Amino acid sequence: MSENIIQMEKVSKWFGDFQALKDIDLEVAQKQKIVVCGPSGSGKSTLIRCINRLEEHQQGKIVIDGIELTENTKNIEQIRAEVGMVFQQFNLFPHLSILDNCTLAPIWVKKIPKLKAEELALKQLESVKITDQAKKFPGQLSGGQQQRAALARALCMEPKIMLFDEPTSALDPEMIKEVLDAMVDLAKAGMTMIVVTHEMGFAKEVADEIIFMDEGMIVERANTEDFFANPKNERTKLFLSQIL
Amino acid sequence: MIKIINFLGTPSREKFSLFVPIGIFLFSLGLIDVTLNSLFDVNITSFFPRGLNYFTPLIFGFLGLYYLRIEFSGNKMLDKLNININSNWFNSILTLLIIFVLIQNIPPLLNWLIIDANFVGTTKKDCSDSGACWIFIKIWFPRLMYGLYPNAELWRINTSFIMLITLVVALFYIPIKLKKYLIIFLIFVFPFIMFNLIHGGNFGLVWVETTAWGGLSLTFIISVFALILCFPIGMFLALGRRSSAPVTRYASIGFIEFWRGVPLITVLFMASVMFPMFLPDGVYMDKLFRVIIAITLFEAAYMAEVIRGGLQALPRGQYDAAKSLGMGYWRLHLLVILPQALKLVIPGIANTFLALVKDTPLILVVGLLELVGMIDMAKTNPDWLGFATEGYVFAGILFWIICFNMSRYSQRLEEKYKTDR
């Protein structure tokens, strides 16, 4: 079991009376790439936000890299430093330049010396191909560039797991590709990834497994080829017929 | 009616050379009429019936502006004026009324302030009745600036303020690397140096009681200390009010609502009269300290709400992003949230600071005499009775200069920290 970097057992989560997650069991092995899809409101975002405790689960057990997520703030901060996240709305810090966005957490959380942090940040910015934007502020960049900067910022913490919460949903169509390309490169480099997305082309290319969620439950989990070739569940079939 | 006015035809571009001179003539006639009437008591239109001649300037001006109202006249200046102050009959009447009010009031005001005013002399007798008596301000000037501070020791106040100004100016010119040390020095060390220099009692300096402090320098001292102190307190209160821990939250809400709910005057009375009764025997706290603390806490409550407004304006994504990078509560707020929130509320912060500076004269009620207090004292001096107006005008001008500069400074900060979202 120790090779599972993410281990969720019977995780449930309520928003008021609404149950967003119902008894979710999920194991993710190291270097596995998983795409989560499903209709809106099905709990995909909540699921991955529970993994770095941006949302608190109320029942069940989540263990990340051997550390259990509990009320313990120390554990939470340690896990968050190991789990990177990319958001739908980029969420770059608008008051800092792209470079400062990338070095802020390494300097203040991981206590890396400034020069070294900048060196690392430039390397990550280069890997997403926006080194020339390093001195600019987020507001001066296009959506695609901002999302790649957000990816670089998360990578600067050298995370073991990357979570993507609909990273391309807020982008213009012509910018989606540049972000997906950066994500594909990352996948090829061997990162453990959980991606909530509707980009089925990306899923086919990178994902080892696909999870289909509906109404707070994991309806189907299958490896990529099987998922598209012969989905078992009726709801999965319906969903696929609508988006493909 | 319109037909009668238009006996020469409608004002139009074709008849530019006819209507513009007529318009200018009538308009000037109206201005001359009102000027002569109000300033020299000459009525050039007295041959008109009584009720009518009162309105003649307005009628002349109105007709003049009507004839001048030529659309697309081709003359750039005239077009601009027409669009801005003469676009229809209602606007033209407003324009005229404003001009008339200015003509009636500005010359007498200038007369009183400067032309008929008295500058030379040393006693009340040197003043004529017709203008302001600035001799009063001149003679009392040292008192208005320094209160009852001993004359021989004035250099101490001067030095400390010159040092303060020098350091603040230096802030703009020194390299960024040293800047943060200078700011820390200015906020945490310099106030004590300044205070010690003015208060004395050690290093061979004569001790000067705080009750002798006064005038504009006291205004500054109270403002500077209260400003520096109320800002961090307000920040913590704002964070406290949004905290998820019930004790912190309700304590902050209670504090803020208490101080916002009571008038400053009562707070000052409490600080100077009631508070000492609660102190144990033998413990004494200077009245000036008590007042500074009272003003600080009072303004901190307002500051807290201003800053909370900025905190609430930030999208939740900023919190999510900072958390997902492993930042805890303090790092998240100090590095990500507060820098953005404070930037958003610079106008509100400036507002609170200006209100604080203008609230300082209220300390008059507990017997501390800053600028307005000293003027109150001076105007009741038997040798100088009857110069309250000069005093208050002078105080008004000084306060305006101070507040205007603070406001300009806040605008500069806003401009400097403007980044696109």
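Is A:Cys156 buried or exposed? This is a predicted model, and in it A:Cys156 has a relative accessible area of 0%, so the residue is buried.

A:Cys156 is in no disulfide, and the nearest cysteine sulfur, that of A:Cys102, is 4.4 Å away. A disulfide requires the two sulfur atoms to be within 2.5 Å. In chain B, the cysteine sulfur closest to that of B:Cys230 belongs to B:Cys403; it is 14 Å away, which is too far for a bond. B:Cys230 is also buried, with a relative accessible area of 0%.

On the surface, a patch of negative charge is formed by A:Glu9, A:Asp23, A:Asp25, A:Glu27 and A:Glu68. Strand E2 of chain A, residues 18-29, supplies the largest share of this patch, three residues.

A:Asp23, one of the patch residues, lies in strand E2 of chain A. Its relative accessible area is 45%, so A:Asp23 counts as partly exposed. The backbone of A:Asp23 has a further feature: phi is positive, about 45°, although the residue is not a glycine.

A positive phi is also found at A:Asn91, where the value is near 55° in a residue other than glycine. A:Asn91 sits in the loop of chain A between strand E6 (83-86) and helix H3 (98-108). With a relative accessible area of 12%, A:Asn91 is buried, whereas A:Asp23 is partly exposed.

Conventions: Residues numbered from 1 in each chain as written. Chains lettered and ligands numbered in written order. Predicted model: local features only at pLDDT ≥ 70, side-chain atom pairs only at ≥ 80, totals over all residues. Heavy atoms only, no water. Buried < 20%, exposed > 50% of the residue type's maximum accessible area, 1.4 Å probe, protein only. Patch = residues over 30% accessible without salt bridge, like charges linked within 9 Å, V, L, I, M, F, W, Y side chains within 5 Å. Areas by Shrake-Rupley, 256 points an atom, 1.4 Å probe, with all protein chains shown as cover. Salt bridge = Lys/Arg side-chain N within 4 Å of Asp/Glu carboxyl O. Lys, Arg positive; Asp, Glu negative; His and termini not counted. Charge placed at Lys NZ, Arg CZ, Asp CG, Glu CD. Helix = DSSP H or I, 4+ residues; strand = E, 2+ residues; numbered from the N terminus.
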